[in-house]
Amino acid sequence: MIARICGLLVYKSPTYVIVDAHGVGYRVFVPLTTFYELPDAGQPVTLNIHTHVKQDAINLFGFYASEERDIFQLLLAVNGIGPKLAVNILSGIAAGDLLRAVSQGNLKRLVTIPGIGRKMAERIILELKDRVLKLGAQEMMERRLIKDSAPDILMEDALSALVNLGYK
């Protein structure tokens, strides 16, 4: 399985990027949080990868931080959440906020994520609460994943809304 890709960023969009690694272009689906961290096209980039294999396709999902990939893999363990929805969830909420919402059982915060209804939010809390607490979510949130800048959060929300409406 592919776990990490290093190469030149050839193409960049809010939903996926193309990374040229020694002459091979890999299409990697990314959440908005990773998109914000990426350099301009033509610059070197390193992404932590989750390889998802189906009967008819092999898809790569890339993350700037390995912790974000770990949270993505946690989301995949929830019944009814596939990789595309997990990326959508991480695009709609910062990883630290997601961990906090799950550990505190904050249903209202999870329902604000595009594509997540009340039943799915309840299922996420039910199935992940113990795992999140076991991982030491508080330490992860304090260390790396929480952004305190309000303008960044507003910008992320605005971009997320536009992408979910179909704009590139």
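**Salt bridges and fold**

Author: R69 forms a salt bridge with D70, with the closest N and O atoms 3.9 Å apart. A salt bridge here is a side-chain nitrogen of Lys or Arg within 4 Å of a carboxyl oxygen of Asp or Glu. Keep in mind that this is a predicted model, where local features need pLDDT of at least 70, side-chain atom pairs count only at pLDDT 80 or more, and totals for chains, interfaces and linings use all residues. Residues are numbered from 1 along each chain as its sequence is written, and side-chain values use heavy atoms, with hydrogens and water left out.

Reader: Is R69 buried or exposed? And what does D70 count as?

Author: R69 is buried, with a relative accessible area of 16%, while D70 counts as partly exposed at 36%. The cut-offs are under 20% relative accessible area for buried, over 50% for exposed, and partly exposed in between, using a 1.4 Å probe and protein chains only.

Reader: How many salt bridges does the structure hold?

Author: Three. R100 forms one with D97, the closest N and O atoms being 3.1 Å apart, and the side chains of E122 and R118 meet in another at 3.5 Å, N to O.

Reader: How are R100 and D97 placed in α4?

Author: R100 and D97 are three residues apart in helix α4, so about one helical turn separates them. E122 and R118 are four residues apart in helix α6, which also puts about one helical turn between them. An α-helix has 3.6 residues a turn, so residues three or four places apart point the same way. Helices (H or I, at least four residues) and strands (E, at least two) are DSSP runs, numbered from the N terminus.

Reader: Where do those side chains stand on accessibility?

Author: R100 counts as partly exposed at 29%, and E122 does too at 38%. R118 counts as exposed at 54%.

Reader: How many residues of α4 are buried?

Author: Eight of its ten, so α4 is mostly covered. Among the buried ones are D97, L98, L99 and V102. After α4 comes G105, whose phi is positive, near 70 degrees.

Reader: What does L98 touch?

Author: L98 touches I71, L75, I89, L90, I93 and L110, leaving aside residues up to four places away in sequence. Contact means heavy atoms within 4.5 Å.

Reader: OK, cores. Which residues have the most contacts inside the largest one?

Author: I89, L98, L110 and I124, in a nonpolar core of 29 residues. β5, α2, α3 (83-92), α4 (95-104), α5 (107-111) and α6 (118-134) each supply at least two residues of this core, and α6 gives the most, with six. Apart from it lies another core, of twelve residues, among them I5, V17, V28 and L60. By nonpolar core I mean a set of buried Ala, Val, Leu, Ile, Met, Phe, Trp, Tyr and Cys residues joined through side-chain atoms within 4.5 Å.

Reader: Switching to the sheet. What's the strand order?

Author: The five strands make a closed barrel that runs β1-β2-β3-β5-β4, with mixed pairing. On average, neighbouring strands of this sheet are turned by 55 degrees against each other, direction ignored. Two strands pair if DSSP finds at least two bridges between them. Axes are lines fitted to C-alpha atoms, for helices over the stretch in contact, and angles run from 0 to 180 degrees between N-to-C directions.

Reader: Which pairings can you show me?

Author: β2 (residues 16-21) and β3 (residues 24-29) pair in the antiparallel sense over six bridges, and D20 has G25 in β3 as its bridge partner. Their hairpin has two residues between the strands, and H22 there takes a positive phi near 55 degrees. β3 and β5 run parallel, joined by two bridges; F29 has F61 in β5 as its bridge partner.

Reader: And N59, buried or exposed?

Author: N59, found in strand β5, is buried, with a relative accessible area of 12%. Not counting residues up to four places away in sequence, N59 touches R27, F29, H50, T51, H52 and K54.

Reader: Last one: which strands does α2 lie across?

Author: Helix α2 (residues 66-76) lies across β4 (44-53) and β5 (58-63), running at about 15 degrees to β4.
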